[in-house]
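Please look over the model below before reading the points.

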Amino acid sequence: PCACTTVSSAGSSGARAPRSTSRLPITPLAVLQVRVVGAKRLQAVGADGAPSKAARPYVTIHVVGKDGRRLGGDALSFTSSVPKPELTAADDAPVWDEEFAVELTDAVRSVADSMVLTLFDQGTQGWFGGKSDDVQLAQARVQWSELTSTNLKRQEAEVPLFSNQGAAMGATLSIRSWMVDLPSYEAETRAVRERLQHDAKVSEGLIAERQRQDLRLAWERRI
């Protein structure tokens, strides 16, 4: 439903309906941005189990709740494109340089536990229109508390990648995160301002008391 104020049209007399002066509430901005930069030492495994090259790898991102399940909604998942050829210098070091943003609603904050990043190799197109299945290459997990530990400050991390069996692969995924939580920033700023005002009042009181003591001492010396 629209949150707008409906204004009725003017009647036959031509009188204009009064304009509403009420303001619509402004939703506080709180967003977590995650940029998937690229992978290092990424190696695919063919159907025969032998190492091979990942032809067209891509990354999917899902927010996982405390119960271990993926949180629903398109806003909580992301799929990258294939690596950018102009940025990728080697097959085992694909570069995506793509960003994913999650709105930090109260519902997301209360249940989010981690962010899972999964790398797939895109299937190849066949001669007669068919396409082979995408193959999962590796997976990484980042704790939600790490992604949201700082406000208005960029973080960079080299996240280790693990195979489908959970074994370390020696490969890493480079990500950058940036949380913008304006309500928290405003609350922190307000608390600092109130503390400064309190300290200023205390300082003024101490100065006034010192002045009274100096006046009393000067008066006693005269006597």
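Where does L29 lie relative to β1? L29 is in the segment before β1, strands being DSSP runs of E of at least two residues and helices runs of H or I of at least four, numbered from the N terminus.

1. Basis. This is a predicted model, in which local features need pLDDT of at least 70, side-chain atom pairs count only at pLDDT 80 or more, and totals for chains, interfaces and linings use all residues. Residues are numbered from 1 along each chain as its sequence is written, and side-chain values use heavy atoms, without hydrogens and water.

2. L29. With a relative accessible area of 45%, L29 is partly exposed (buried is under 20%, exposed over 50%, partly exposed in between; 1.4 Å probe, protein chains only).

3. Core. The largest nonpolar core contains 34 residues, and M115, L119, W144 and L173 have the most contacts inside it. Such a core is a set of buried Ala, Val, Leu, Ile, Met, Phe, Trp, Tyr and Cys residues joined through side-chain atoms within 4.5 Å. Its largest share, five residues, comes from β1.

4. M115. Not counting residues up to four places away in sequence, M115 touches residues including L32, I61, F100 and W144 (contact means heavy atoms within 4.5 Å).

5. V82. The loop between β5 (77-79) and β6 (95-103) holds V82, which is partly exposed at 22% relative accessible area. Leaving aside neighbours within four places in sequence, V82 is in contact with R56, P57, W96 and Q122. V82 and W96 are 14 residues apart in sequence and 6.9 Å apart in space, C-alpha to C-alpha.
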